[in-house]
Structure formats: structure tokens, C-alpha cells
Amino acid sequence: MLAKLSSRPVVRRCAFTGVVGLALLAAGLPAAAADGARADLSRFYRQKVAWSKCDMDAPKDMQCGKVTVPLDYAEPSAGTIDLAMARYRATGKKRGSVLLNFGGPGGAGVSELAAGGDEFMSLTNGYDVVSFDPRGVGRSSPVSCGDGSDDSDETSESSDEDAGTSDPQAVLRQLRTAAAQCAENSGPVLRHIGTVDASRDLDVMRQAVGDKKLNYLGFSYGTRLGAVYAAQFPKKVGRLVLDGVDTLTEPMAEQGIAGAEGQQTALEDFVNWCVKDIACPFGQDARDAREQVVRLVQSLDEDPVPTDFGEGFTGQDLVGAIGQALYSKDMWPSLERALASLVEDGDTRGVMAFATGGVAYPLRATGGVGLPHRATTGDGLVDADDVPLDNLSAALMAINCADDPDRPGADRITKDLGRLREQYEQASPVFGRYRLTEVLMCYGRPKGTDYIRDEVRDVHGPKMLLVGTRGDPATPYRWTTETAKRLGSSAVVLDNKGEGHTGYASSKCVHNKVDRFLLYGSLPPTGSSCGPEDDDT
């Protein structure tokens, strides 16, 4: 069975659960070239960020601003979009700015910096610490598939019925229907939402904050963005760190299987930890506990629990929430309590708090209270309270599709669906069904760019630091070594032998080595490692 494919945005529905994030079938996404037409971009490169007090819930010492970028770099006169930015000012001797991307794709950097900025205060000894909402994300012309108010009863009932069938044609009908609703609720930014364009935005931001070189710390998807930038602008690279390294080459079907395997391993680690606690809702036998998790997911898919949001909380919603909680061991106690509330009392509030979607730096659960009509603040940015509920998942799918050149047609999907279902369920009886949607989510869209797969290689620039974590459930360690080999001699690998998604937040050793490189240019030798326990070395 595939996950339910619905265009109704629900905050608890995460990446790959369905087609909440399947954006723009009709309008399509062009395969953007790396350089595009060399149009006159001078007016964009002349701007400076005007920092001021934030008009949102944020720490008093955080400032906000924006930059304006062309909607289409090949035709800069065709329209512009504004990108939200935020910073903490340097407290020590300033050497410039360091830009952060927390991942996703689709993660809003401004709200994440407001929530978790304390993690990066050590970097203010030499930098303004800056983050941003990429195009199509957060307050920067956010994409959406709508609030579901235009779903007819007939369409909803059909989707519910088709989601449980093995008929590939029914699945394709769901994809078309949901994608059409996404097209109705998204603007022209969707045609230009890929990482190639976001990388060019990054260079405009570099100039706008007054830096000759880009200093950058990217997590998860942010490593893809950083690698693309290094390939597009090798002479503009300063000190660049990629933590939780994304693949540049694997097709989306293979990425989905790798993700399912990684999350299944992390789930089993969590269960082994949980059963040692008398409060574990699945008892004290690990094997039986794993089977109970599978049965719980199945029962919720068959009989969803009512919620305050109208749509029931399904097994696939639970899978998405568990997947988010597994990114960090620090969240395991909260996950245990949330699952106990669900199992014992039918209370979904705890698990729903984890359900943000995407693959990002493990700071917190985010999500705005959105409406299909998105008001702006008067400066081209969307009000923080009007960011659509489904923006993260909508942006995630749109960006991944824009970055991927593979487009299996209806015949290929029809032929391969049964085999793929078996492969995904073998990879994970819990996450397989959830992840399988990944291979289908770009169906019907124009081919994405082949620039990343073909051209992001052999980067001739300054040394950059790549951090890979052995027990990362989202970005396997082998992606770090494969990407490093692909980038060439400029890539230096730090082997973090710990657990969890990314290393900067979970390992003092990684944190210190990254800070030393960014602040002082002290790069660890290739082959350096950090142990499984936090270490100050």
C-alpha cells in the first residue's frame, strides 16, 4: 500500500507522506542551467541589507532584513522576489558573516535562527551569524498546495479508497489531482525554486552583507546548496562547512530506500533503548515492541484518530512524526512520552509536535499558522503568521523535483510499482510505505536540472570541511565520502562516529572543530574523527 495521497495540508503530515507537497504539475519546472543567460544583474549586487528590529517573535538581539533577487536569473526584468534574512551581530572582532542553512529542503532559516540561535553564539566571536528563508520557503514567496477547502467529498473519498489499492492507475490519478491543486495555490516562484537558483541567491546575499567570500555552514540539504555554490562560484568560496552530507548523484528512488533503511535502524535503536524503561508503552521485549509499532501504524491507517485539525491522525502521520524524533537521541525521552500518550490515551498532541516534515538540523519543530491567501508586510515578505501550514513539505517536494532529472513515465511506474513496494517494505516495514512516495512525487513534471548530477564535481577552490556521522538516519555516512570524492581535493572529511542527524549539535568534538575552522581557518587533517561520545578535543 502507498501512503495516502492528499492535497489537504496538515501540520502533522511530513515529507513524503503524500502529495501535500507535490507542487506545480501544470506549470512545470524548467531544467535551469548553471549560468543561464548572463543578463545584467548589477542592481541586485549593489544592494545592502538594511537590518532592523524583527517584526516577529524573536530574541531582542536578533535583527531582520531582506534582499531582493530576480525571479528568473535569465530574465531579471521579468519580476523579483524578496528573501527574508536574520542575524545575530558579531561580538568579537568581525571578519564578516557566516550564512547558515538548516536543511529541508524547505526549512525556514529565520524562524530556526530565532529558536536555536544559542547553538551558534560561539561563532559571533568573529562573525555576524546570518540565516535566511530560501525562495519559496517561509516568508520568501512561500509555495503551498492550499488548505484543502476546495476538496470535494467525491475527490476525498476517491483518494482515500485509491490510496489503499495496488492499482497503479489509481495512484497516478491521485498524483494528477493533488498536483493540480498544488498548481492552483502556488505562484511563479515554483518555476524557479531549485537549488541552482537558490545558489545564485546565496551569492547575492554574500554581496549584500558586504563579504568578498562566502563563509557558510550548511546542514543536510544545506550541504547540497553549499556544494552547488562551490561549483558555480569557486572563486567566491571562503570557509565552507557541510554537515550531514547529501548525495549529489543518487536517483530519488535509491535515496528513498537509503532513507527508509537509515530510519529503520534508528527506530530499532530507539526501541532497544525504550524497552529498558518500565514506562515504555511497548513493554520490555524488543522484538515484540518492534512488532507493536508496525501494528500501531497499521491500525491508525485503518482507523485514524480524530484531531482538532479536522482530518484524522493516520499511521503515516505517525511514521512522519517518529522519523523526525529519531534525528536526535535528545528527543527520545519526549518521543517515548508522546507514544505512551497516544497508545494509552489516544492523545495525538505529543506526536504531532514532532511532525514538521523535511530533513533538517535538529533544533525544534516549526510551522506557521497559514492561510491560502498570504498577506505581505508591505516590504514583499509574507507575514510570519500567514506562512502556509504545508509550506515545508510543498517546498521540499518542489525543490527535490527541480533538482532531479529522472522522470519515470506512467508505463514505467505501472511496471515497477509492485517491485518497488516490495523493496521499500523490505528496507523498512515502518518507513517503507511512507518513503515510497518519493519515487512518485515528480511524476508528470518536466525534467529537472541535470547540472547537479553532471557538473558539481572536481571543484577547484579553497578547502572545505565535510562532516559525516556514522549513525545518521537521514544522510548515510557513505554519502559524505562519495560527495568528498566527487568534489575532489578541496574536500576534507571529518568522521563523526556518533549517532543522530548531523554532528554539530550532538558532538562537542564536531562543534569545536567546525568552529575552529570557521573562526580561525584551522582545518582538521583528512581522516580526522570524533568519537561516539562528546569530546572536547
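**View 1. Contacts of Leu-487 and the nonpolar cores.** Leaving aside neighbours within four places in sequence, Leu-487 is in contact (heavy atoms within 4.5 Å) with Ala-227, Leu-248, Val-456, Arg-457, Asp-458, Val-459, Met-464 and Leu-466. A second, separate core of 46 residues includes Phe-270, Val-305, Val-319 and Phe-431. The largest nonpolar core has 59 residues, and Leu-487 is listed with Met-85, Leu-99 and Leu-202 as having the most contacts inside it. A nonpolar core is a set of buried Ala, Val, Leu, Ile, Met, Phe, Trp, Tyr and Cys residues joined through side-chain atoms within 4.5 Å. Buried means under 20% relative accessible area, exposed over 50%, and partly exposed in between, with a 1.4 Å probe and protein chains only.

The model is predicted: local features need pLDDT of at least 70 and side-chain atom pairs count only at pLDDT 80 or more, while totals for chains, interfaces and linings use all residues. Residues are numbered from 1 along each chain as its sequence is written, and side-chain values use heavy atoms, with hydrogens and water left out.

**View 2. Aromatic rings around Phe-120.** Rings of Phe, Tyr and Trp (its six-membered ring) pair if their centres lie within 6.5 Å; planes under 30 degrees apart count as stacked, over 60 as edge-to-face and the rest as tilted. The model has 9 aromatic pairs by this rule. The ring centres of Phe-120 and Phe-219 are 6.2 Å apart with planes at 55°, so this pair is tilted. Phe-120 lies in the loop between helix 2 (109–116) and strand 6 (128–132), and Phe-219 lies in strand 7 (residues 214–219), 99 residues apart. Helices (H or I, at least four residues) and strands (E, at least two) are DSSP runs, numbered from the N terminus. Phe-120 and Phe-219 are both buried. The rings of Phe-120 and Tyr-504 are stacked because their centres are 5.5 Å apart and their planes are at 10°. Tyr-504 is in the loop between strand 11 (491–499) and helix 17 (508–520), 384 residues from Phe-120. Tyr-504 is buried, as is Phe-120. Ring pairs join Phe-102, Phe-120, Phe-219 and Tyr-504 into a cluster.

**View 3. Surroundings of Asp-246.** Asp-246 is in the loop between strand 8 (237–243) and helix 7 (252–274). Its relative accessibility is 6%, so Asp-246 counts as buried. Beyond four places in sequence, the residues that Asp-246 touches include Ser-220, Arg-224, Gln-255 and Trp-479.

**View 4. Polar contacts of Gln-47.** Gln-47 is placed in the loop between helix 1 (42–45) and strand 1 (52–53). With 18% relative accessibility, Gln-47 counts as buried. A polar atom of the Gln-47 side chain lies 3.0 Å from the backbone oxygen of Phe-44. The Gln-47 side chain also reaches the backbone oxygen of Thr-68 at 2.6 Å. Not counting residues up to four places away in sequence, Gln-47 touches Val-67, Thr-68, Val-204, Gln-207 and Ala-208.

**View 5. Thr-437 in helix 14.** Thr-437 lies in helix 14 (residues 432–440). Thr-437 has a relative accessible area of 2%, so this residue is buried. Thr-437 and Arg-421 are 16 residues apart in sequence and 9.9 Å apart in space, C-alpha to C-alpha.

**View 6. Confidence along the chain.** The protein chain averages a pLDDT (the predictor's confidence in each residue, from 0 to 100) of 84, and 83% of the residues score at least 70. Over residues 1–37 the pLDDT is below 50. It also stays under 50 over residues 363–378. Where pLDDT is low, the predicted coordinates should not be read in detail.

How values were computed: Polar contact = N/O pair within 3.5 Å; in protein donor to acceptor, adjacent residues only side chain to side chain.
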